[in-house]
Amino acid sequence: MKEYDLVIGLEIHAEVNTNTKVFCACKNTFGEEPNTNCCPVCIGLPGALPVLNKKAVEYTIKTGLCVGSEITSLAVFERKNYFYPDLAKAYQISQLVKPICIGGGIELESGKYIRLNRIHLEEDAGKLIHKTKTIGTLVDYNRGGIPLMEVVTEPDFSSADEAVEFLDKLRRIMIYAGVAKCKMEEGGMRCDVNLSVKEKGSTKLGTRTEMKNLNSFKMVKRAIEYEAKRQVEEISAGKIIIQQTRKWDDNKGKSYAMRTKGNSHDYRYFPDPDLLTVQIDSSSAQEIKKSIPLLAQDRMVIYTQKYGLPEYDARILTNEKFISDYFEDCLKLFDNPKQISNWIMTHILRILKEKPCEDLNEVISVKNLIEIIKMTEQKEISRPNAYELFNSICFTNLKAKDVAKQKGMLLVFSESKLEELIDEVLKTYSNALANFDKTPEKVINFYTGKVMGLSKGLANPQKIQAMLSEKIKSKL
Ligand SMILES: [Zn+2]
């Protein structure tokens with residue numbers, strides 16, 4: 001049996017994180033009532049004129065600068081003409097010949113460099129909602145005109161895992177740079193996969209198919225693996241691959257032919273006469289460059305090398321910027337990265353899974369978390385009580401220390417009170433003392449257990465042990 005190589009290219013659409021749409025003043029939001037967030041411009045009424053959103057251009061430039069693209073000095077918006085019910089104007093404003101960013105790339109962990117062809121800015125289309133047979137299909141134009149960045153890679157991937165790793169890296173870059181939220185479950189980041197197979201070692205490329213709008217990493221992986229297998233089977237059976245767009249059905253785990261795929265000339269692109277050419281001078285690009293914060297990759301290096309965290313921790317903490325920011329705020333109050341990381345990963349992220357939010361301070365404030373960690377460290381509270389305290393103050397404005405006091409969790413036994421209890425157990429169980437010479441540790445533990453019992457678990461066991469051994473030694 002012949003062996004085949006995979007050749008994969010990706011086109012990623014990410015909704016740009018602006019306040020308003022790309023050519024009008026409608027809000028850039030998600031989840032509004034259908035057709036309540038649109039205007040003459042974004043539904044393309046005759047005579048309505050688009051006005052370019054400067055921020056959307058800046059964010060596209062910023063993305064390009066993060067991945068080493070060349071920023072063009074003249075960017076042109078063009079009309080991509082096609083008819084589809086979700087596109088009221090029958091053309092989409094996009095970029096073909098002069099995109100904002102050219103080239104660049106992202107390096108994978110293996111050292112392989114994935115080249116970018118371009119990053120351009122365009123508008124999103126509306127959304128079709130397929131109802132029952134009697135109702136038919138409805139259309140919601142709210143999404144029409146939301147700014148989209150399209151990142152186009154060269155066909156440099158040779159496996160599904162490489163594609164997923166790249167997507168994760170790109171997602172982190174965009175989130176940290178603040179240019180996109182990349183909420184995949186809301187369609188804020190979608191991926192088209194172009195895939196062909198060729199005989200191993202051959203330089204002749206096979207015919208490619210395209211799968212559109214994959215909106216989770218898992219879906220991308222499954223779709224690539226399925227399509228590669230399908231193409232190899234077709235070729236092995238003597239059939240030819242047809243250049244077409246295929247729809248991935250994630251429930252069935254299969255892809256279906258949708259339509260034969262057109263080429264860019266089929267869309268009759270031409271410069272949009274309603275929009276001016278965009279001039280980007282190098283000084284404004286430099287200004288934008290200065291605004292790029294430390295990205296996830298940079299933070300991972302700091303976490304592992306400076307703070308000594310395992311790579312596993314560093315990856316999870318940097319997975320979302322708001323988690324990483326919270327971790328760093330905690331560090332400002334308490335310099336113990338591993339303890340903080342443990343609490344975030346075991347306790348806070350567990351809660352986040354059940355109740356998603358984008359600011360961990362809503363779960364528990366930095367101050368409260370550090371208070372609990374400190375109390376545990378200083379043995380003012382037992383570990384089980386610390387976990388209980390954490391759970392009882394999540395999503396509240398209560399103060400950790402106050403609640404610990406109210407619930408009697410603080411291990412605050414005065415020395416004299418402890419001494420009383422120690423004297424009491426030494427007297428009650430005086431027989432045990434005879435074994436101190438042979439098994440001192442056992443005896444101390446025995447008495448400690450008794451004192452803890454009298455204190456109802458509220459005393460500090462280390463403290464009792466220290467006091468006990470001194471007391472016994474002085475008696476002997
Ligand atoms: Zn609008």
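## Ground rules

Because the model is predicted, local features need pLDDT of at least 70 and side-chain atom pairs count only at pLDDT 80 or more, while totals for chains, interfaces and linings use all residues. Residues are numbered from 1 along each chain as its sequence is written, and side-chain values use heavy atoms, with hydrogens and water left out.

## Rings that pair up

Let's start with the aromatics. A pair of aromatic rings is described by the distance of the centres and the angle of the planes. Here, rings of Phe, Tyr and Trp (its six-membered ring) pair if their centres lie within 6.5 Å; planes under 30 degrees apart are stacked, over 60 edge-to-face, and the rest tilted. The structure has twelve aromatic pairs. Take Tyr 429 and Phe 446: their ring centres are 5.6 Å apart and their planes stand at 90°, so this pair is edge-to-face. Tyr 429 sits in the loop between α13 (415-428) and α14 (440-454), and Phe 446 is in helix α14, so the pair ties together parts that are 17 residues apart in sequence. (Helices are DSSP runs of H or I with at least four residues, strands are runs of E with at least two, and both are numbered from the N terminus.)

Phe 446 also pairs with Tyr 447, with centres 5.4 Å apart and planes at 65°, so that pair is edge-to-face too. How exposed are these residues? Buried means under 20% relative accessible area, exposed over 50%, and partly exposed in between, using a 1.4 Å probe and protein chains only. Tyr 429 is partly exposed at 32%, Phe 446 is partly exposed at 33%, and Tyr 447 is buried at 0%.

## Tyrosines and lysines

Elsewhere, Tyr 82, Tyr 267 and Tyr 269 are linked into a cluster by ring pairs. One of them, Tyr 267, has the charged end of Lys 80 over its ring, 4.5 Å from the centre. A charge sits over a ring if NZ of Lys or CZ of Arg is within 6 Å of the ring centre and within 35 degrees of the ring normal. Lys 89 lies over the face of Tyr 91 as well, at 5.2 Å from the ring centre.

Axes are lines fitted to C-alpha atoms, for helices over the stretch in contact, and angles run from 0 to 180 degrees between N-to-C directions. Helix α2 (residues 160-177) packs on helix α3 (residues 217-236) at about 155°, with axes 9 Å apart. That makes α2 roughly antiparallel to α3; the label covers angles over 145 degrees, with under 35 roughly parallel, 65 to 115 roughly perpendicular and the rest oblique. Among the residues that meet are Val 164 and Leu 167 in α2, and Val 220 and Ile 224 in α3.

Helix α7 (residues 321-333) and helix α10 (residues 366-377) pack at about 55°, with axes 10 Å apart. That makes α7 oblique to α10. The residues that meet include Tyr 326 and Leu 333 in α7, and Leu 369 and Ile 370 in α10.

## Two residues to look up

Phe 270 belongs to strand β16 (residues 270-271) and is partly exposed at 34%. Leaving aside neighbours within four places in sequence, Phe 270 is in contact (heavy atoms within 4.5 Å) with Glu 78, Arg 79 and Asn 81.

Gln 339, in helix α8 (residues 337-354), is buried at 17% relative accessibility. Beyond neighbours within four places in sequence, Gln 339 is in contact with Ile 373, Glu 377 and Arg 383.
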